[in-house]
Amino acid sequence: MSFSDSDSSSYGGDYKNFKQITRDRLLHEMLRSCKTGDSKSTWKVLIMDKLTVKIMSYACKMADITDEGVSLVEDIFKRRQPLPSMDAIYFLQPSKENVIMFLSDMSGRSPLYRKAFVFFSSPIPKELVSHIKKDGTVLTRISALREMNLEYFAIDSQAFVTNNERALEELYGDEENSRKGVACLNVMAARVATVLASLREFPYVRYRAAKSLDATTMTTFRDLIPTKLAAGIWDCLMKYKKTIPNFPETETCELLILDRSVDQIAPIIHEWTYDAMCRDLLNMDGNKYVQEVPSKNGGPPEKKEVLLEDHDPVWLELRHAHIADASERLHDKMTNFISKNKAAQIHQGSRDTHELSTRDLQKMVQALPQYSEQIDKLSLHVEIAGKVNKIIRELGLRELGQLEQDLVFGDAGMKDVIKFLTTKEDTTGENKLRLLMILAAIYPEKFEGEKGHNLMKLAKLPPDDMKAFDLHKKKRAARKERPSEQETWQLSRFYPIIEELVENLSKGELSKEDYPCLNDPSPTFHGTSHSAPIHPAPVAHSMRSRRTPTWARPRNSDDGYSSDSVLRHASSDLKKMGRRIFVVIVGGATRSELRVCHKLTAKLKREVVLGSSGLDDPAPFITRLKMLTENELSLDDLQI
């Protein structure tokens, strides 16, 4: 397979982020490359399978695909109309079923299409190539047969998932037979390797080492998950070195492989960013939010489905902001807009912008049609933030969130949890369960024997909820304060463990005993890994003198968390970005971990790309844990 001319590894040409490169490869290297010879100006059919259609939809919009000369998108497994005068582009997984369907399309006297440009998402086995070559009539109709080596979902500008939604069950389930687990790791390894192939990156591979609990305990398959995934990825990369032209010979980036047991608290604690709160508190289907739009004829509100994604500039700016910050910024945007538009002032009257209803905003749209898109976006987010803040108040989440964070940092204990459970009986079952799961992660001894069942009774939770608990065998230390971080926002104290690990990796201070490497890097590697200037660290604040965080925005804060700060830093000096860091978490990543990757990209001047088997929000993560047996997650001795 060949690559486009622009070098996409960490030091090549104009810097493009992970998702931009993915998009460019699909549109230019695949679709545009089919505009050759007598196929140059003709419209084409794009045929995909269930996986590749998702790969394409995460990276590109339909308009992008149409712009590259595609007039029709089809499912390979659905009955299709013959179009013998048109050429077809096939983007498929290299499976036997797909190859059989392709051959049936293009063989015989009456093929469905004139010519076929065939692209496989990952390396195709030799036996399938031989199967294609056997049919002479099909061979004459194939204009291209290539491996794209692109088999992942680019869910964010800096994140991908391998679509192994059942990874927790398959890898950590209580089956003596690890066959499913091995198959899951093989798929993950192959797909993570295609990420590196796509970006033409050759990594220095670090992984979390297996540790038995004591000298008498054998390491299990579960303990070895990061080790096995690292070996699987390495095997794939060695094959790529032999088959992909100009694949790097020496290390161009760093890859850190972890599993979900590295941080059991991140998936369940309340994360207070706008993005995470939307997913946690609103019944959203993926990125879809159902907005109620006032009817133009005065009838009941109409329901409109909107997507919260990167194409929405307001969402892009606010998603990693603290919910209080996001609310303040929306208020400021609306105030600013109204102050500059007299027509808007007339419709607003004397009311405060906090009190503007969706109907008021709709009237503004009608009065100011030239600003309709801008007001639509603002009104959408004003509505969403309003709903989220209302739920936060109704569920008493601020007090619960404070207790969760105090537990994590060792400022609260068992007595505080018991007091909360006995005085806040109206707390939802899910929130009480999440609180107890955090307690169990820090004080496992409190859940031994009958103690756990007694706590469940106190919380009035059903016995079935015990399935969600991971009973550790060793007490874990409380998470340490990060003195260099100013706590600008109330409840923004929590950080996921990967923040510390990635910073240590970037500084060359990550323990080689706990996180060994598969390959020794070249002698010059660490000498060139930091192309960005090193900024002096902020003055450390002691615990006692730590500034009191607020629920309202300090006007000039720039703590790396605020959305303006992240956008400002991320958009500047792109050409000075250092080598990429890839972090892969088996068993599901979290929104807080994605936020940290964006934050560290700006801070370290190195693009940090997060990869995982899936991206989980708290409720589905807990559901997955309950599906495991009572011996569910096997944790190492990592100190949290």
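K241 sits over the face of F202, 4.1 Å from the ring centre. The ring of F202 also belongs to an aromatic cluster, whose other members are W234, Y240 and F247. These values come from a predicted model.

Across the whole structure, the search returns 11 aromatic pairs. One of them joins Y58 and F153. F153 is buried, at 4% relative accessible area.

Y90 is part of strand β3 (residues 87–92), whereas Y113 falls in the loop between α4 (96–106) and β4 (116–120). The pair therefore ties together parts 23 residues apart in sequence.

The protein chain has 640 residues, of which 54% count as buried. Its secondary structure comprises 23 helices and 13 strands. The accessible surface amounts to about 28,800 Å², and carbon and sulfur atoms account for 52% of that area.

In soluble globular proteins, nonpolar side chains tend to be buried together. The largest nonpolar core in this model contains 127 residues. F91, L407 and L436 have the most contacts inside that core. For L407, the contacts beyond four places in sequence are A412, G413, V417, L435, I438, L439, I442 and Y443.

Helix α23 spans residues 618–627. Its buried residues are P618, F621, I622, R624 and L625. They cover an arc of only 155° around the axis, and therefore lie on the same side of α23. Which helices do the buried residues of α23 pack against? They pack against α7 (167–172), α10 (274–281) and α18 (429–442).

R624 also has a contact with E165. E165 is placed in the loop between β7 (159–161) and α7. Beyond four places in sequence, the contacts of E165 are S613, G614 and R624. Is E165 buried or partly exposed? At 37% relative accessibility, E165 counts as partly exposed. The C-alpha atoms of E165 and L615 are separated by 8.7 Å, although the two residues are 450 residues apart along the chain.

Helix α22 (residues 591–604) includes L604. L604 counts as buried because its relative accessibility, 17%, is under the 20% cut-off. Between the C-alpha atoms of L604 and V502 the separation is 9.7 Å. Along the chain, these two residues are 102 residues apart.

Terms used:
Residues numbered from 1 in each chain as written. Predicted model: local features only at pLDDT ≥ 70, side-chain atom pairs only at ≥ 80, totals over all residues. Heavy atoms only, no water. Buried < 20%, exposed > 50% of the residue type's maximum accessible area, 1.4 Å probe, protein only. Helix = DSSP H or I, 4+ residues; strand = E, 2+ residues; numbered from the N terminus. Arc of directions from axis to C-beta. Contact = heavy atoms within 4.5 Å. Core = buried A, V, L, I, M, F, W, Y, C linked by side-chain atoms within 4.5 Å. Areas by Shrake-Rupley, 256 points an atom, 1.4 Å probe, with all protein chains shown as cover. Phe/Tyr/Trp six-rings, centres within 6.5 Å; stacked < 30°, edge-to-face > 60°. Lys NZ or Arg CZ within 6 Å of the ring centre and 35° of its normal.
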